[in-house]
Amino acid sequence: MDFLELVKKRQSTRKYDTSRQVEPEKLQNIVEAARMAPSACNAQPWHFIVVDEPELKNKVADAASARLLGMSHFTKQAPVHILIVEEKVNFTSGIGGMVKDKHFAYVDIGIAAAHICYAAEAQGLGSCILGWFNESKVRKLLNIPENKRVLLDIVIGYPAEGLRNKKRKPAEEVISYNSYPQ
Ligand SMILES: Cc1cc2nc3c(=O)[nH]c(=O)nc-3n(C[C@H](O)[C@H](O)[C@H](O)COP(=O)(O)O)c2cc1C
């Protein structure tokens, strides 16, 4: 599939087909795509935890469910969650980040998250990145040390909803050539 077509098709899936599991080969391709993501100074400041054991997955899903706010109630429908734990950057990325006052690990993990979502989409799967979840509950469930940040939870499964129209700012507002808009 053409890449732009893939970009147009990817959306945050918030309704999943609970009767379908994700095939292990597809899951393997997804995490491999994440592992191949670029990162500042090739620091690879991440650890990916694939949660596909149903009982544990449901507990993680509960920690990511926010019914009160009317969002993230779909987390239990998805058969797989991939948690991204932030790891230490290497020396060069750390120094570079300090000098330039940029937290490269956040950028790196964002790119890895995109790789996960597009690898899912390319194989007919839906995904949704979650930043809103109970981090300390997730840490406990997955034996993640308390000093580590769990930045994202990405839910994956077969979608049970059609394609929505994309709501995006107009191109003129977010893109300019050769100068910041004056
Ligand atoms: C860093 C990040 C955190 C997000 N957190 C959540 C979340 O906690 N719950 C949720 O339902 N969607 C979450 N989203 C999905 C966004 O709401 C979604 O990408 C955006 O509205 C654009 O819609 P689309 O992905 O369908 O194109 C998150 C996306 C990103 C990139």
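Glu 135 and Arg 139 are both buried, where buried denotes a relative accessible area under 20%, exposed one over 50%, and partly exposed anything in between (1.4 Å probe, protein chains only). The structure is a predicted model, in which local features need pLDDT of at least 70 and side-chain atom pairs count only at pLDDT 80 or more, whereas totals for chains, interfaces and linings use all residues. Residues are numbered from 1 along each chain as its sequence is written, and side-chain values use heavy atoms, with hydrogens and water left out.

The side chains of Glu 135 and Arg 139 meet in a salt bridge with an N to O distance of 2.9 Å, a salt bridge being a side-chain nitrogen of Lys or Arg within 4 Å of a carboxyl oxygen of Asp or Glu. Because Glu 135 and Arg 139 are four residues apart in helix H6, about one helical turn separates them; helices (H or I, at least four residues) and strands (E, at least two) are DSSP runs, numbered from the N terminus. Glu 135, with a relative accessible area of 15%, also forms a salt bridge with the side chain of Arg 149, again given as 2.9 Å from N to O. Since Glu 135 lies in helix H6 and Arg 149 in the loop between H6 and S4, this pair ties together parts that are 14 residues apart in sequence. Arg 149 is partly exposed, with a relative accessible area of 40%, and Glu 135, Arg 139 and Arg 149 are thus linked in a network of salt bridges.

A search of the whole structure finds six salt bridges. One of them joins the side chains of Glu 87 and Lys 148, at 2.6 Å from N to O. This pair links distant parts of the chain, with Glu 87 in the loop between strand S2 (80–86) and H4, and Lys 148 in the loop between helix H6 (135–141) and strand S4 (150–157), 61 residues apart. Glu 87 counts as partly exposed at 23% relative accessibility, and Lys 148 is likewise partly exposed, with a relative accessible area of 24%. Side chains of opposite charge can pair when their charged atoms come close.

Two packed helices are described by the angle between their axes and the distance between the axes. Helix H2 (residues 24–35) and helix H5 (residues 104–122) pack at an angle of about 150°, their axes lying 8 Å apart. This angle makes H2 roughly antiparallel to H5, given that angles under 35 degrees count as roughly parallel, over 145 as roughly antiparallel, 65 to 115 as roughly perpendicular and the rest as oblique. The axes are lines fitted to C-alpha atoms, for helices over the stretch in contact, and angles run from 0 to 180 degrees between N-to-C directions. The crossing of H2 and H5 is right-handed, a term that applies if the near helix is turned clockwise from the far one by less than a right angle, and left-handed if anticlockwise.

Most residues other than glycine have a negative phi. In the loop between H2 and S1, which holds Cys 41 and also Gln 44, Cys 41 has a positive phi of about 55° although it is not a glycine, and Gln 44, not a glycine either, has a positive phi of about 50°. Cys 41 is partly exposed, with a relative accessible area of 45%, and Gln 44 counts as partly exposed at 36% relative accessibility. Phe 48, by contrast, is buried, with a relative accessible area of 16%, and has its place in strand S1 (residues 46–51). From C-alpha to C-alpha, Phe 48 and Ser 93 are 20 Å apart in space and 45 residues apart in sequence.

A nonpolar surface patch of about 490 Å² is made by Phe 91, Ile 95, Met 98 and Val 99. Patches consist of residues with over 30% relative accessible area and no salt bridge, nonpolar side chains (Val, Leu, Ile, Met, Phe, Trp, Tyr) being joined within 5 Å and like charges within 9 Å; accessible areas come from the Shrake-Rupley method with a 1.4 Å probe, and for residues only the protein chains shown count as cover. Ile 95 is found in helix H4 (residues 91–100) and is partly exposed, with a relative accessible area of 36%.

Thr 18, in the loop between helix H1 (3–9) and H2, is exposed, with a relative accessible area of 57%. The C-alpha atoms of Thr 18 and Ala 160 are separated by 8.6 Å, although these residues are 142 residues apart along the chain.
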